[in-house]
Amino acid sequence: MDINVRVKPNLKINTYYLFFIITFIQIGVGLLGLPQILYEHARQDAWISLLIGLVYLFIIMYVMVIILRQYSNADILGIQVDIFGKWIGKFLGTIFIIHFAIALFTIVITYAQIIRVFMFPTLHPFVTGLLLAVLMITGVLGGLKVIVGVTFVFFFSSIWLLLLLIPATVHLDYTHYLPLFQASLPELLEGARATTYSYIGFEILLFIFPFLENKKTVLKTSLISAVWTTMVLLITTMIAIGFFSAEQLLRRDWSLLALFKIANFTFIERFDFIVVAEWIMVLVPNMMLLMWAITFGLKRLYRIPQKATLYISSILILIGSIMVTDHYSIQRVINFSSQLGFWLIFVYPLVLLPIVLIKSHLRKKNRRIKA
């Protein structure tokens, strides 16, 4: 397997689009339940946990970019093979692919459950999964540039949903934010760790880096996207804390969807129905990006055709969506995805960085000696 990825000029992507890729892949189903999870750990100081999470996110993004810049045009799969050898490198690459597959699976089963709870209680999860799979397959077959185009268009087609939270701000009880600074440091850190499921996804950078044109602006664009994501998470979380009482917020799994019920117009009474249906425009680009990473990764590691991986993976996800339907099982899968993502994305790069830097230093030293 080649360490560096050979990309044709016509397949290159402007780094500008990295902002939409990272923000969209982070803001998925995790946003809908984040206020309750954060409040459970840090109460009214949840905003501090989000800021702590942002700082750590900055650090990890910086570390990832440093690792990638030690090579001319490599992704994480090639870097790991170069550092650890063929077998260990491929094993670690397979873990990344499994991570993406589980994250993709959580999107399907969570959205199927939301559809049943808010819209169609008798709808079989297979129907929702099939709809998502067809849309995902169509996009992935078009290639990475098509996926990025869909992400760009859907970003502006769904951003208006945040405006539907404005009516809820009229009913905020500002005493819910007081007293300030009551959470202990361990509680704040636990709250920051609880944001893992909402923040994971930006590691797609480790796969998509070779396809970016202007690599000098990658770090800047990534950090801007992290700020945008945190701003959205912060606004929605603080609105939820100010609107609901402590008891109400702690017992609502998708508190954000409940906030959309406040929006009411003469031509439509239940805006939460519109939001649930519209949210598919947020999830489909996520699924496309994750599936592309899975198919591309297996092609790189094991030379498996991307189409074969696409169809087989989609069938397996559909089968899984039929088997995992109750709330307890879904939550277990989400928790496992969050824990795996924490160690793989927020810890592993810090371990990998010094190894890569040492290898890079030795490589440059050997070149000077031979010269």
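This is a predicted model: local features need pLDDT of at least 70, side-chain atom pairs count only at pLDDT 80 or more; totals for chains, interfaces and linings use all residues.

Tutor: Residues are numbered from 1 along each chain as its sequence is written, and side-chain values use heavy atoms, leaving out hydrogens and water.

Student: Why is α2 called oblique to α12?

Tutor: Helix α2 (residues 30-42) and helix α12 (residues 218-243) pack at about 60°, axes 9 Å apart. Under 35 degrees is roughly parallel, over 145 roughly antiparallel, 65 to 115 roughly perpendicular, and the rest oblique. So α2 is oblique to α12.

Student: What makes residues of α2 and α12 count as meeting?

Tutor: Contact means heavy atoms within 4.5 Å. L31, L34, P35, L38 and Y39 in α2 meet V232, L233, T236, T237, A240 and I241 in α12. By class, that's nine nonpolar, two polar and no charged residues; Ala, Val, Leu, Ile, Met, Phe, Trp, Tyr, Cys and Pro are nonpolar, Asp, Glu, Lys and Arg charged, the others, Gly among them, polar.

Student: How do you know whether F181 is buried or exposed?

Tutor: Buried is under 20% relative accessible area, exposed over 50%, partly exposed in between (1.4 Å probe, protein chains only). F181 has 57% relative accessibility, so F181 counts as exposed. F181 lies in the loop between α8 and α9, with a positive phi of about 55° although it is not a glycine.

Student: And why does R303 count as exposed?

Tutor: R303 is at 73%, so it counts as exposed. R303 sits in the loop between α16 (280-302) and α17 (306-323).

Terms used: Axes are lines fitted to C-alpha atoms, for helices over the stretch in contact, and angles run from 0 to 180 degrees between N-to-C directions. Helices (H or I, at least four residues) and strands (E, at least two) are DSSP runs, numbered from the N terminus.
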